[in-house]
Amino acid sequence: MLSGDGSDRLQRLQRLTDAALAHLELNELLAALLARTRELLEVDTAAILLLDELRDDLVARAALGIEEEVERGVRIPVGRGFAGRIAAQRRPVVLEDVDHADVLNPILREKGIKSLLGVPLLAGGELLGVVHVGSLTPRDFGDEDVALLQLAGDRAAIAIEHARLFESERTARRRLESVQAVTDVALSQLGLDDLLGVLLPRIRDILGADTCAVLLMDDERDELVARAAVGIEEEVERGVRIPVGLGFAGRIAAERRPVVLDDVGHADVLNPILREKGIKSMLGVPLIAREDVLGVLHIGSLSHRLYNTDDLELLQLVAQRVALAIERARLHEETLMLDQLKLNFVAIASHELRTPATSVYGVFATLVERAGQLTDEQRDLLLQSGYEQGQRLRALLEDLLDLSRLDAAAIRVQPRPLVLHSLLAELAASYVPGDLEVDLRIPSDLAVVADPNVIDRVVSNLLVNAARHGRPPIVVSAEQRDRYLRIAVEDFGAGVSEELRPRLFERFARGEQMSGSGLGLAIARAYAHAHGGDLVYDPHDGGARFELLLPHP
């Protein structure tokens, strides 16, 4: 039979078990367990630290007699100090003399604790944390104390696991409701600005954060651009741009994974607004759709906060919906833009075609209806006018056919070895009138691999424009630099007007009192894009300068 003392302890252990089974809320459970544990072992202090798997450390979650552990947010790395050793070795540890022991937590000495006993909290072979008790007077914790605390710890671990499962189920339900709320918004908004304006406040509320922001990729400049924000609206107002790979958001985009900043003040943060606003902790995730990084979604707290696995998983779930919604909104905006472009294209093309077609019809109508009244000279003038308008109509139709082929990706690019000097010299001789000076600055031995037809279609257009709208000399230069073949055509005329520059490469774009269809540069750039390159305008004083860039294998 058990002795009276043993019977009493057994009753206390039973009360601990009853307490473990009576609570589903984790905080209430821990408070009840510690009270029973301190009573069971007749000690002065008791504390429970739970494992934070994300950071691999122990977090003080509940305490009696040393409440400061929880108030100060004590965290102990696994493997270090008293509690860290218990967690790493998964076995009990006794400290008979705390003053001369390896103790990482200063609160233990500050409170005057002389002796400590701690055991791991294990459930199903998994480490949940550590429970330890302490005495303010020297005490020799014996085998019976160790066994009793381990029994209490085992029951506590089961109860903690049970409470966590309950909490996890409830959290999952709330998470599902939160994600559904985001999904509902994502499905109800088609415009990107409207979408982000409604989504960000909800995301901030769902995660209990103070700030929330979305930065979207600018693929041409390989940068992230602040597109929408709540709590840090200055990001958008100041047009913040973050190079991919640099700073907080840049790392998230480059590495395509979440990043947590526990302390912004001591982190690699490129954007000064984050510190100006007093943000202490941040969590960010990439926005990915169809394997492409669209941007970054991040939240922040104005007080120090340790974002946990639940926060991370919830933000990732939300980010998945946000990325799909952004892609959907962009497709909607592109569809509207394409529809508008088609309408504009039909209207402008009809207008451009009508003029020469009307002229040709007028010429032939006059020749037919007044055949007997016209002199030979009048007939010749009408035929010459009809021929010129027919040529204009033919050129316009060829341009439109070129554009349709380029739009349909029906133009095949066929690169082959070329000696560039001879090709550009032939083009200059063919498209520049003989009385205009042309300066060829091309190394005679510059050999490249490119499609001569693409170079012909682009450079010929640039030469005709320089001859028609610029002033001599016309300078044609070429070089290989930064993995690109660069062919430049420049003149010394008035250059392109400030008003025309933003739409210079748009279809039917042309300046006032300029002849031509306004399709030449649009076609030239389309050919450059088909070759994997680009055509750019380089504004500078004293003329116009265009540069064709083709990738150099």
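Two strands count as paired if DSSP finds at least two bridges between them. Keep that in mind for the close-ups below, which all come from a predicted model.

**View 1. Strands 16 and 17, an antiparallel pair.** Strand 16 covers residues 474-481 and strand 17 covers residues 484-490. Seven bridges join them, in the antiparallel sense. As a reminder, sheet strands pair through backbone hydrogen bonds, either parallel or antiparallel.

View 2. Reading across, the strand order is 14-16-17-19-18, and the pairing is mixed. From one strand to the next, the twist averages 15°. Helix 15, residues 520-530, packs on this sheet and touches strand 18 and strand 19 (545-551). The direction of helix 15 makes about 135° with that of strand 18.

View 3. Proline 473 belongs to the loop between helix 14 (452-469) and strand 16. For context, most peptide bonds are trans.

**View 4. Helix 13 crossing helix 14.** The axes of helix 13 (residues 420-431) and helix 14 come within 10 Å and cross at roughly 40°. The two helices are therefore oblique to each other. As for handedness, helix 13 passes helix 14 in a right-handed crossing. On the helix 13 side, the contact is made by Leu420, Leu423, Leu424, Leu427, Ala428 and Tyr431. Helix 14 brings Pro452, Ile455, Asp456, Val459, Ser460, Leu463 and Val464 to the contact.

**View 5. Helix 2 and its buried residues.** Helix 2 runs over residues 26-41, 16 residues in total. From first C-alpha to last, helix 2 reaches 22 Å, close to the 22 Å expected at 1.5 Å a residue. Its buried residues are Leu26, Leu29, Leu30, Ala32, Leu33, Leu34, Thr37, Leu40 and Leu41. An α-helix has 3.6 residues a turn, so residues three or four places apart point the same way.

**View 6. Two positive phi values, at glutamate 42 and aspartate 56.** Most residues other than glycine have a negative phi. Glutamate 42 follows helix 2 and has a positive phi, near 55°. This residue lies in the loop between helix 2 and strand 1 (45-52). Aspartate 56 also has a positive phi near 55°, and its loop is the one between strand 1 and strand 2 (57-64). With 46% relative accessibility, aspartate 56 counts as partly exposed.

**View 7. Proline 243 and the residues it touches.** Proline 243 is part of strand 9, residues 241-243. At 26% relative accessibility, proline 243 counts as partly exposed, because buried would mean under 20% and exposed over 50%. Leaving out residues up to four places away in sequence, proline 243 touches Asp222, Glu223, Gly250 and Leu270. Alanine 253 is 10 residues from proline 243 in sequence, and the two are 9.5 Å apart in space, C-alpha to C-alpha.

Technical notes
Residues numbered from 1 in each chain as written. Predicted model: local features only at pLDDT ≥ 70, side-chain atom pairs only at ≥ 80, totals over all residues. Heavy atoms only, no water. Helix = DSSP H or I, 4+ residues; strand = E, 2+ residues; numbered from the N terminus. Axes fitted to C-alpha atoms, helices over the stretch in contact; angles between N-to-C directions. Contact = heavy atoms within 4.5 Å. Expected span 1.5 Å × (residues − 1). Buried < 20%, exposed > 50% of the residue type's maximum accessible area, 1.4 Å probe, protein only. Parallel < 35°, antiparallel > 145°, perpendicular 65-115°, else oblique. Left-handed = near helix turned anticlockwise from the far one by under 90°.
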